[in-house]
Amino acid sequence: MLKSKLGLIFFPAFDWMISPTHPERQERLLYTRDQLLEEGLFDLPQIIEYRPRLAEINDLQRAHIGVPSIARLITPAHLTSAGGCLAAADAVMSGEVKRAFALVRPPGHHAMRVVHGIRGFCTVNIEAVMVEYLRSVYGIKKIAVVDTDVHHGDGSQDIFYHDPDTLYISFHQDGRTLYPGTGFPDEAGSPAAWGTNINLPLLPGTGDEGLHRLYDGLIQHILDDFEPELIINSAGQDNHFSDPLASMAVTAQGYAKLADKLQADIAVLEGGYSVEAALPYVNTGIILAMADMDYSKVVEPDQSDLRQQDERCNKRVDQLIAETGELWRSRFSTRKELLAKCGNSWSRKKSIYYDEEGIREEQIETAHYCRQCSGYLTIRTAAAGTRFGDQSAFIVLLKRDTCSECRQTAYDEAQLEKRNGKWQYVLVQHIADGEIESL
């Protein structure tokens, strides 16, 4: 019997790099492709390779507002990386394949809604671009994004923070020990989406045992309860024991078994910087699992650096299962209480550092609530040290269902800010079609 068909999209981005010796480089994909060719996986009828395509600027602008514009902050490689994800989405939604895996770079999960430059190797959040594409083109509503990168996906969290129809689950090395220093359980979403942002910070040294204890004891139950129409795996692989940028202890088998349990519809490559010792084997295991093939013999040739997991790691996992499980179960009542307390709006201040470019951004984001629709967002952002100098913007975000009354109120607020003359840019983002108006 023919196994499930899996679509693969490769884009190593030969023409894009932060620097010649940077860990985020083309070899991350080239060693994996060599391994797949050596194993003969491309010759199997259940593996279909697709070419990436160029995403449009409007595809990016459903998820991002670039200052001064997203077009001035990216290269063609970013459009192709995002386009590879869209090609994966099309392959699955057309029914040509059951699942798809986009092995593309540059990566994306540290890119937030407002973009002033590169942070955490990321400028465009390729998963968020794909989520908004799936909604606009295919009408998908409820989507779960499970982020398996060792670093907290603070960009994905930022973009989905107000969206109760996107369940974002991130397990990662504790932010007190690793970039970007965020991703704690109390970062659970804004009042209208409380509980759909799930952060699971793990102790350094957590391995296969702790990871699967967490998945079986909590993540699977939350996914079953949420009942997403699609599951997307933000497939970072730097939890591997040999990764040079982190301190976890997951193996290729641990990743493959997780992919088998998760049964993601679409996976998108994120981090993972053990180019020769891990990525070829981790990716092979994930691909075999997603294609419903035997992955039991996928083992790294050298496990001499694999550390035994400390029992404290399981204790942390059990604590997360108990505490986050209660947060999830009480999410609707907590949401109601938070909305009653904040009234018609809720704000948060953010200080954001762009580590690749030394940009410092101060931001105030406000969610405006409405009984007739999902309301709208306003963002006040000021950034120092960008490639365009110091810059500031007032931004209005109109959602797909923002009612006519809220639209008028939002435009009136934007026009008032424009007349005040405080901002270099006053922008209006239309999520539905990816249009950005400059007032």
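In this predicted model, six strands form an open sheet in the order β11-β12-β13-β14-β15-β16, and their pairing is mixed. Its edges are β11, covering residues 345-354, and β16, covering residues 435-438, each of which pairs on one side only. From one strand to the next, the twist averages 20°. As a reminder, strands of a sheet pair through backbone hydrogen bonds, either parallel or antiparallel.

Strand β13 (residues 376-386) and strand β14 (residues 389-398) run antiparallel and are joined by nine bridges. Along this pairing, I379 stands opposite I395 of β14. A helix accompanies the sheet: α11, made of residues 404-420, lies across β12 (359-368), β13, β14, β15 (425-430) and β16. The angle between α11 and β14 is about 160°.

Strand β14 also holds V396. This residue counts as buried because its relative accessibility is 1%, below the 20% cut-off. Beyond its neighbours within four places in sequence, V396 is in contact with Y376, L377, T378, A410, A414, L427, V428 and Q429. Among these contacts, Y376, L377 and T378 fall within the residue range of β13, while A410 and A414 fall within that of α11. L427, V428 and Q429 belong to the stretch given for β15. By contrast, F226 is 170 residues from V396 in sequence, and their C-alpha atoms are 29 Å apart.

In general, side chains of opposite charge can pair when their charged atoms come close. Across the whole structure, 23 salt bridges are found. One of them joins R348 to D158, with the closest N and O atoms 3.3 Å apart. R348 lies in strand β11 and D158 in helix α5 (residues 154-160), so this pair ties together parts that are 190 residues apart in sequence. Both R348 and D158 are buried.

Another salt bridge connects R331 and D225, where the closest N and O atoms are 3.8 Å apart. Because R331 lies in helix α10 (residues 331-342) and D225 in helix α6, the pair ties together parts 106 residues apart in sequence.

The side chains of R380 and E417 meet at 3.2 Å, N to O. With R380 in strand β13 and E417 in helix α11, the pair ties together parts that are 37 residues apart in sequence. R380 is partly exposed at 23% relative accessibility, while E417 is buried with a relative accessible area of 12%. Finally, salt bridges that share partners join D158, R348, K350 and E365 into one network.

Key:
Residues are numbered from 1 along each chain as its sequence is written. This is a predicted model: local features need pLDDT of at least 70, side-chain atom pairs count only at pLDDT 80 or more; totals for chains, interfaces and linings use all residues. Side-chain values use heavy atoms; hydrogens and water are left out. Two strands pair if DSSP finds at least two bridges between them. Helices (H or I, at least four residues) and strands (E, at least two) are DSSP runs, numbered from the N terminus. Axes are lines fitted to C-alpha atoms, for helices over the stretch in contact, and angles run from 0 to 180 degrees between N-to-C directions. Contact means heavy atoms within 4.5 Å. Buried means under 20% relative accessible area, exposed over 50%, partly exposed in between (1.4 Å probe, protein chains only). A salt bridge is a side-chain nitrogen of Lys or Arg within 4 Å of a carboxyl oxygen of Asp or Glu.
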